[in-house]
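User: Could you take a close look at one strand and the contacts around it for me? After that, I would enjoy a tour of the side-chain pairs elsewhere in the chain.

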Amino acid sequence: MRKLNGVTSFMVLGVMFILIVLGLGLASITGNTMLRSNKENRALVVFQAAQAGLEYQVTEAYAALGSNNGAFVSASNDISSILNSIAPGCSATSTVEPTSDTTRAWVTCNVTYKSKTASLRSLIYEHDVSIWNNAIFAGTGAVGRAINGNVDIRGSVHILGDGEYYSDLNGNGHWDAAETFTDKNGNGVWDPGEAFVDANGDGVWTAKEPYNDTNANGVYDPPLTTTELASTLGGNAFIGNNYSGMPSTLEALVPTAPRINGVETLNTELRVKHGQVSVNGSATVGTNGVVDGGSSKGTIDGSYVNDGYTGNQGSTSVYSDNGTNSQYDLGNLGIKFPVISGIGSENYFDKTGTMFSDQETFLNSRSLTIPKTLITATTAAFSYGPDAYGNSISFVPETKTTPAVLNVNGIVKVNGSLQIGASKETIRYTGNGTLYATSDINISANFLPRSDKVFPTTTTVGLLAKRNIGLATGSGDSQLSMAGAFYAQGKIISAKQNQIAGTFVANFFDMGTNVPNIYQVPALVHNMPPGMPGDKNYYTLKIKSWRERQ
């Protein structure tokens, strides 16, 4: 019996030993698992915090573009408190390091949390897509197209094709013409009880909804459709990405074109929100050929056209870095054509933050009105201002040895139409100002910076017409050279073989058949003449790379 009890005791001790060993093993496994889990959890938290910090710093850098003329600026910040809710007690820093091209920057975030560290970095770049950062910005479009003619455009083109602004009185999302009715009493208006055609099926007679007739053609121009043409490019028409072939005398009066890795580029992009682009004959958008031995870029940077291409060449003659299938990409920014008055106009804020009901009200109350409606090279000398707002204008006529010089500062207003120059004349300008006409502006002379000035960095001029602008449209006008910022609420006509540096902003364009040139000046968007419509900055942001640093 004692022997049996000894065997039993031995067996119990053996089982207990095995259980203890198993328990210790399980405890070790559990402990290691918990340690590993804790370590992985800390690694996950610190990574999430670094990612959040990176996104925060990218957002801050993007928000600061407007106050830094579109450039990224160096920054180094302690953002520990900002990330405390994600990683309590963490230590976190973020930096912005612009490259030599300040439209690009490296953004880095470093976070340490409970002895774990994560570092993330992105290369970001911005692109200024403001209205005035184009060679041509078109609003409405008319008779099925916004740009018509045989024209050589160097720089970006942005066409909205949105149609004329109107008051949607019945809230159905489109403009309604007056429904036809039987005018029994012949008074020219619908009276209750008179029969009418209920075109929209709402059971009541619908009057014509008011609209802003920006082209003064007497009819409402709707948004362009997928079968209408936003632009017609034929003959030798071209949209290019460089200054190749630009007259040297004009090129000397503007800043040199930007270069990326030694290659000249205007960062040309083509955007069309509504309507097709018709490409015909030898016309091309960009080129696949070598330009200036490779020192100038041939292809355009991007094409963003909702309704595609047509014409006998169509997309086959479009050479863009992103191909030809990308859709309009700026719908989220809410870019609209800037009308200065009437339906569609918006409140205007001047540089002091003072609000005006619309931009026309601002222009009328803050400009210097002069009696001059004709300024030619031989006009007698005159001077007006400065007024209480610093607006002034003076003119010295040409002599046998010196050209005529117009000096404009601030905003100078002309009631009615303004005619600048006569055929074969040259007028030089200085100052930083805008000429505003309540009707049309017509220019029949070369209109350029004084020879010691550069547009738009040391002198700049804006031409602002409530109606239309005509360039070399007068009898006897020949090909002209000009530099400026040109805005017409109606139409811009550029005839002959004009050579123009700057930007056209208008609802409609007519470029004729003689291949006029318009060369975008990238510096203009950050050196705008005062009071020009649409001088608000818009930027896009792209993340070119993202990586975790070890």
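Analyst: Happy to. Two strands are said to pair if DSSP finds at least two bridges between them, and the strands themselves are DSSP runs of E with at least two residues, numbered from the N terminus. This is a predicted model, in which local features need pLDDT of at least 70 and side-chain atom pairs count only at pLDDT 80 or more, while totals for chains, interfaces and linings use all residues. Residues are numbered from 1 along each chain as its sequence is written, and side-chain values use heavy atoms, with hydrogens and water left out.

Let us begin with strand 32, which spans residues 499–510. Of its 12 residues, 11 are buried, where buried means under 20% relative accessible area, exposed over 50% and partly exposed in between, using a 1.4 Å probe and protein chains only. Strand 31 (residues 481–494) runs parallel to strand 32 and is joined to it by 11 bridges. Strand 33 (residues 517–519) also pairs with strand 32 in the parallel sense, over 3 bridges, and there Ala501 stands opposite Tyr519. Strand 5 (residues 136–138) is a further parallel partner of strand 32, again with 3 bridges.

Now to the charged pairs. The structure holds 11 salt bridges, each a side-chain nitrogen of Lys or Arg within 4 Å of a carboxyl oxygen of Asp or Glu. One of them joins Arg121 and Glu97, whose closest N and O atoms are 3.1 Å apart. This pair links distant parts of the chain, 24 residues apart, with Arg121 in strand 4 (residues 116–128) and Glu97 in strand 2 (residues 91–98). Arg121 is buried at 13% relative accessibility, whereas Glu97 is partly exposed at 38%.

Asp329 and Arg271 form another salt bridge, at 2.7 Å between the closest N and O atoms. Here Asp329 sits in the loop between strand 17 (309–310) and strand 18 (348–349), and Arg271 in strand 13 (residues 269–272), 58 residues apart. Asp329 is partly exposed at 28%, while Arg271 is buried at 5%. Glu346 and Lys336 meet in a salt bridge too, at 2.8 Å from N to O. Both lie in the loop between strand 17 and strand 18, so their pair ties together parts 10 residues apart in sequence. Glu346 is partly exposed at 47%, as is Lys336 at 37%. Shared partners also join Glu269, Arg271 and Asp329 into one salt-bridge network.

Finally, the rings. The whole structure has 18 aromatic pairs, meaning rings of Phe, Tyr and Trp (its six-membered ring) with centres within 6.5 Å; planes under 30 degrees apart count as stacked, over 60 as edge-to-face and the rest as tilted. Among them, Tyr166 and Tyr220 are edge-to-face, 5.8 Å centre to centre with 80° between the planes. Both lie in the loop between strand 8 (157–159) and strand 9 (229–233), so the pair ties together parts 54 residues apart in sequence. Tyr166 is partly exposed at 23%, and Tyr220 is buried at 12%. Trp175 and Tyr211 form an edge-to-face pair as well, at 5.7 Å and 85°. Both Trp175 and Tyr211 are buried, and ring pairs link Tyr166, Trp175, Tyr211 and Tyr220 into a cluster.

Key. Helix = DSSP H or I, 4+ residues; strand = E, 2+ residues; numbered from the N terminus.
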